[in-house]
Amino acid sequence: MRTGDFKQTYGELVTLVDSPPVWLWSAALVAALIAAPFVLNSYALSFLMIILITGVGALGLNILTGYTGLISLGHVGFLVTGAYAYAVLVSKYHMHPLIGFLGAGIVPALASLIVGAPSLRLKGLYLAITTLAFSFIINTVILEARWLTNGARGISVQRPEMFGLSFDGDAAFTYLCLGFAVLTLFATLNIRRSRVGRAFVAIRDNDTAARVMGINLHAYKLFAFVTSAFITGLAGALYGIYLSFVSVEGFPFLLSIEALAILIVGGLGSALGAVLGTILIVLLPEATRLVFSLFSAQMDAVFTTGAQELKSMLYGLVIILFLRFQPRGLVGAWHDLRRMWVNWPLRY
């Protein structure tokens, strides 16, 4: 009978994955995602692209909120900054898309220093309000800088062509999003098991104890802001390319609520939770629409005309239910189910 997992060396403790079945299932999932563009229709493929793009942004926010415990309500500001950075560099100044993606990460990272440095002594609600104010300030700056961003008119964005490959088609762009998602997932997993990641978790659990242990709170909090903003900016660039048009209206505040809902539903501080939460939150409005359309055509029309309002209601309801009945999210539910399976017929 299996009694548990025992780590005998430090290398075993920080290894990325120590279970061959996990590698096997991960490889099967990647293979399925590679085959998906050949199987799914354009409507289903659009959901897959949104899931991959949203997953990148959620993993970025997970570094700041999940790992470090710094609540951000203004992460949409980094999304729109990354999208405009890519659009300005590629569409307006005709630079290479790789430079555009690099700028989409660097510009939000620099902007994060502006909001991160004054917020080093803030936590909880005060930090959340500060980040929220930052997102509104960014929108105002973008609208006023017409010479650079075209103001409210926005900027049209074409799908990129890199390494001799065109990502104009939906299937090709899905592979580009998949590449970014896989790289981001590996990056966040490795950050979590590194010295920096352990410092993030120490700050989240007890910043006073972390300071006593010699952790520089200001440096690591700033690093969390910069890393999170860099990844979120890449997600913003991908989302702008997906929309083919970058404007302030395309990045509403609801995206920040959606990102927080993803972390709460999936499980704070878990990369797997960010992935599971992304899948659930992205598919939830469509699944709800399909269920209600079975009962009445009028309900289907309501979901079509009031999509944004209904999304807000669904996100709020899901957040309340998970905080009340499953605070550890989908990852916590999975761990409980796995523990029950392993220990059956005993309870623990």
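R204 forms a salt bridge with D205, and the closest N and O atoms are 3.2 Å apart. A salt bridge here is a side-chain nitrogen of Lys or Arg within 4 Å of a carboxyl oxygen of Asp or Glu. This is a predicted model, in which local features need pLDDT of at least 70 and side-chain atom pairs count only at pLDDT 80 or more, while totals for chains, interfaces and linings use all residues. Residues are numbered from 1 along each chain as its sequence is written, and side-chain values use heavy atoms, with hydrogens and water left out.

R204 is partly exposed at 33% relative accessibility, whereas D205 is exposed, with a relative accessible area of 56%. In these terms, buried means under 20% relative accessible area, exposed means over 50%, and partly exposed lies in between (1.4 Å probe, protein chains only).

The structure holds three salt bridges. In one of them, the side chains of R159 and D170 meet at 2.9 Å, N to O. This pair links distant parts of the chain, 11 residues apart: R159 is in the loop between β1 and β2 (161-162), and D170 is in helix α8 (residues 170-192). Helices (H or I, at least four residues) and strands (E, at least two) are DSSP runs, numbered from the N terminus. R159 counts as buried, at 18% relative accessibility, while D170 is partly exposed at 31%. Another salt bridge joins the side chains of D336 and R328 at 2.5 Å, N to O. Here D336 is partly exposed, with a relative accessible area of 28%, and R328 is also partly exposed, at 42%.

Across the boundary, 27 residues of domain 1 are in contact with 20 residues of domain 2, where contact means heavy atoms within 4.5 Å.

Helix α4 comprises residues 75-92. At 1.5 Å a residue, its 18 residues should span 26 Å, and the end C-alpha atoms are 25 Å apart, which agrees. The expected span is 1.5 Å times one less than the number of residues. Of the 18 residues of α4, 16 are buried, so the helix is largely enclosed by the rest of the structure.

Just after α4 comes H94, with a positive phi of about 55 degrees, although H94 is not a glycine. Most residues other than glycine have a negative phi. H94 is found in the loop between α4 and α5 and counts as exposed, at 66% relative accessibility. N150 is not a glycine either and has a positive phi of about 65 degrees. N150 is found in the loop between α7 (146-149) and β1 (155-156), and it is partly exposed, with a relative accessible area of 22%.

The loop between α4 and α5 (97-116) also holds M95, which is partly exposed at 36% relative accessible area. Together, Y93, M95, I99 and W147 make a nonpolar surface patch of about 470 Å². Patches are made of residues with over 30% relative accessible area and no salt bridge, with like charges joined within 9 Å and nonpolar side chains (Val, Leu, Ile, Met, Phe, Trp, Tyr) within 5 Å. The accessible areas come from the Shrake-Rupley method with a 1.4 Å probe, and for residues, only the protein chains shown count as cover.
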